[in-house]
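Welcome! Please take a look at the sequence and the 3D view, and then walk through the briefing below.

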Amino acid sequence: MLKYTLAASAAVAAVLALSVPSYADNSASITLSGTVVASCSISTSTPTLSLGNLATDATTGDVTAQTISKTGTYSAFCNGSSNSATVTATALTYQGTVPTPLAGSFANKINYNLTTTGLPFSGSVDTAGTGSASVTGVGPFVVSNQSIGGSVNIEATTAPALAGSYQGSVTITLTAGL
Amino acid sequence: MRNQLLTLAAAVLIPGLAFASPVAPATATVTLTGSIGNACHMGDLSSSQISVGTLTNSSDGTLAAISGSPNTTITGSWCNVGSKITISALPMVAQGYSGSPPSGFTKAVNYTATESGWGAPTPSDTSQGTTSGADSGSHSGSADVGTAEANTITVTLSNFTAPVSGSRLVADNNYQGTITVTLTAAS
């Protein structure tokens with residue numbers, strides 16, 4: 001009987017020894033989150049490009065077709081995975097006042113077409129047409145002080161051009177997209 | 001007890017023996033033994049997610065300064081013996097951008113995660129993401145604490161950087177990183 005009692009005590013001791021809990025939850029995981037908004041930026045250090053004195057026909061006074069190479073310096077970036085770019089051009093327009101009685105006799109607008117180069121995309125525009133061209137699906141890109149330009153193809157006029165200053169514009173619009 | 005009963009019965013049935021020399025009681029002492037194993041328990045996170053908001057400067061797309069010191073706490077942790085606390089940080093990576101970004105861009109942001117409150121020294125780990133988003137290897141920070149501990153653990157984030165200085169971050173609505181804190185009981 002004494003042996004039995006001792007055996008029982010030993011059994012109790014053994015149970016106590018085995019009752020130590022086991023812990024597995026000894027780590028913690030923290031998630032860190034943030035966002036990056038899709039955006040584009042473009043700037044130029046050459047906001048004005050002079051095409052110089054356009055050639056005209058000595059007899060008719062019409063502006064002749066001619067090609068002038070010009071480049072501007074741009075810095076730009078888009079961080080979206082699917083951005084779009086639009087190039088819009090407006091015709092060279094006479095900056096003075098057109099004499100009313102002669103309005104139909106002279107050209108006061110000169111069209112041209114050009115293709116921009118130097119960006120990860122190219123856009124051809126013709127001011128005689130829509131004057132706008134778009135490219136979509138452009139991936140992330142960055143250019144820093146990059147020469148962007150190409151050939152400005154002046155289109156001939158059908159009337160003598162008024163003498164004076166002409167001004168047009170080329171606008172590159174970048175739109176970020178995911 | 002049984003021996004005592006036997007002694008009493010003998011005294012009743014055999015009166016001649018009632019005043020014989022008493023029998024010394026038999027005793028037995030049982031020693032109970034037990035042990036408590038080495039264990040640690042990680043408590044509850046005040047927040048399992050830390051949002052740092054917008055990561056970039058809108059003007060040039062580079063990494064913006066992260067305001068404040070993003071942090072979270074873990075309450076109710078304990079180790080009943082000396083322990084090792086380990087912290088590891090994986091970079092924040094753009095989850096929706098597939099492939100590697102072009103030159104000049106990154107899809108990862110690195111940072112340093114530092115633990116405090118669990119003895120000294122305070123371990124830290126800096127993620128080692130590359131521009132393509134991959135973590136460049138196994139790494140962690142750890143510290144050994146010599147005694148049992150029960151305390152609140154604080155995890156603080158700092159030193160947010162791009163893998164290549166000046167690189168721009170690709171746009172993505174979901175940049176995510178992971179910090180793991182582990183308590184290991186001393187063996």
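Where in chain A is the place of A:A107? A:A107 is in the loop between β4 (83–94) and β5 (109–110) of chain A. Keep in mind that this is a predicted model, in which local features need pLDDT of at least 70 and side-chain atom pairs count only at pLDDT 80 or more, while totals for chains, interfaces and linings use all residues. Residues are numbered from 1 along each chain as its sequence is written, and chains are lettered from A and ligands numbered from 1 in the order in which they are written.

**The two chains**

- Chain A has 1 helix and 10 strands; helices (H or I, at least four residues) and strands (E, at least two) are DSSP runs, numbered from the N terminus.
- Along its sequence, chain A follows the pattern α-β-β-β-β-β-β-β-β-β-β.
- Chain B comes to 1 helix and 12 strands.
- Of the 178 residues in chain A, 26% are buried, and of the 187 residues of chain B, 32% count as buried. A residue is buried if 20 or more other C-beta atoms lie within 10 Å of its own, exposed if 12 or fewer, and partly exposed in between, with C-beta atoms placed from the backbone.
- Among the contacts in chain A with a separation of 6 or more, 82% are between residues 24 or more positions apart; in chain B the value is 77%. Two residues are in contact if their C-beta atoms, placed from the backbone, lie within 7 Å.

- A:A107 is partly exposed because 19 other C-beta atoms lie within 10 Å.
- Leaving aside neighbours within four places in sequence, A:A107 is in contact with A:V63, A:T157, A:A159, A:P160 and A:A161.
- A:L49 is found in the loop between β2 and β3 (66–78) of chain A, and A:L49 counts as partly exposed because it has 13 C-beta neighbours inside 10 Å.
- With neighbours within four places in sequence left aside, A:L49 is in contact with A:K70 and A:G72.
- A:L49 and A:I110 are 61 residues apart along the chain, and their C-alpha atoms are separated by 16 Å.

**A sheet in chain A**

- Strands of a sheet pair through backbone hydrogen bonds, either parallel or antiparallel.
- In chain A, 5 strands form an open sheet in the order β2-β3-β9-β6-β7, and the pairing is antiparallel. Two strands pair if DSSP finds at least two bridges between them.
- The edge strands are β2 (40–44) and β7 (123–126) of chain A, each of which pairs on one side only.
- Strand β6 (residues 112–116) of chain A is joined to β7(A) by 4 bridges, and A:T115 stands opposite A:S124 in β7(A).

**Where chain A meets chain B**

- How many residues of chain A are in contact with chain B? There are 38 residues of chain A in contact with 54 residues of chain B.
- β1(A) gives the most to the side of chain A that touches chain B, with 10 residues.
- By class, this side of chain A has 22 nonpolar, 15 polar and 1 charged residues. Ala, Val, Leu, Ile, Met, Phe, Trp, Tyr, Cys and Pro count as nonpolar, Asp, Glu, Lys and Arg as charged, and the others, Gly among them, as polar.
- β1(A) also pairs with strand β12 (residues 172–185) of chain B in the antiparallel sense, over 9 bridges.
- A:S27 stands opposite B:T182 in β12(B).
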